[in-house]
Amino acid sequence: MEIQGKIKMIDETKTFGNNGFRKREVVITTEEQYPQHILVEFVQDKCDLLNKHNVGETVKISINLRGREWTNPQGEVKYFNSVQGWRIETLQPDQGDSGIPPVPPIEAFEPAEELNEEDHDDLPF
C-alpha cells in the first residue's frame, strides 16, 4: 500500500531495549478534501531513509499495516495497529494525481455557435 502527502513532522530516531531496536516516526498530511494526519513509523535500518527528507516535502510512502494482540495483567485482550513504512520517495508538485490529464484553461474552448435552445437534448439534466 502507499500513502501520499506532505511531511508535517519528522521525529528523531529512538532506541529501545538492550538489543538496540530503533524506531523513527514521521507524520504525513494527506492532500484531499478532509486532510488526515497519518503517523508512519520506520524501524531498524529503515530509519535512515528519512535522513534525506524535510518537513513540507510532498512524498509517497510505501507502507505495511501491522497489528498485534496483547493481554494486560488483568487478563483483558487489547489490539494495536501500526502503519510501518519501508520506502519513501519525493514527489514533484504536479505528480499528486497521476493518471488524470490536466484541464485546459477555459480560453482554450471556443464558444458554441448556432445554438438553438429548442433542439432535442438527450442529456438527463
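Trp70 is partly exposed, at 37% relative accessible area (buried means under 20%, exposed over 50%, partly exposed in between, using a 1.4 Å probe and protein chains only). Keep in mind that this is a predicted model, where local features need pLDDT of at least 70, side-chain atom pairs count only at pLDDT 80 or more, and totals for chains, interfaces and linings use all residues. Residues are numbered from 1 along each chain as its sequence is written, and side-chain values use heavy atoms, with hydrogens and water left out.

**The aromatic pair**

- There is one aromatic pair in the structure (rings of Phe, Tyr and Trp, the last by its six-membered ring, pair if their centres lie within 6.5 Å; planes under 30 degrees apart are stacked, over 60 edge-to-face, and the rest tilted).
- Trp70 and Phe80 have ring centres 6.3 Å apart and planes at 55 degrees, so the pair counts as tilted.
- Trp70 belongs to strand β5 (residues 58-71) and Phe80 to strand β6 (residues 77-90), so the pair ties together parts 10 residues apart in sequence. Strands here are DSSP runs (E, at least two residues), numbered from the N terminus.
- Phe80 counts as partly exposed too, with a relative accessibility of 39%.

**How β1 pairs up**

- β1 and β5 run antiparallel and are joined by five bridges (two strands pair if DSSP finds at least two bridges between them).
- On that side, Glu2 sits opposite Ser62 in β5.
- β1 also runs antiparallel to strand β3 (residues 21-29), with four bridges between them.
- Here Ile10 is the residue facing Val26 in β3.

**The loop at Asp11**

- Asp11 is found in the loop linking β1 (2-10) and β2 (14-16).
- Its side chain makes a polar contact of 2.9 Å with the side chain of Lys14 (a pair of N or O atoms within 3.5 Å; within protein, one must be able to donate a hydrogen and the other to accept it, and residues adjacent in sequence count only if both atoms are side-chain atoms).
- Setting aside neighbours within four places in sequence, Asp11 touches Arg24 and Glu25 (contact means heavy atoms within 4.5 Å).

**Leu50, tucked into a loop**

- Leu50 lies in the loop between β4 (37-43) and β5, and at 1% relative accessibility Leu50 counts as buried.
- Beyond its neighbours within four places in sequence, Leu50 is in contact with Ile10, Arg24, Val26, Phe42 and Ile88.
- The C-alpha atoms of Leu50 and Val26 are 8.2 Å apart, although 24 residues separate the two along the chain.
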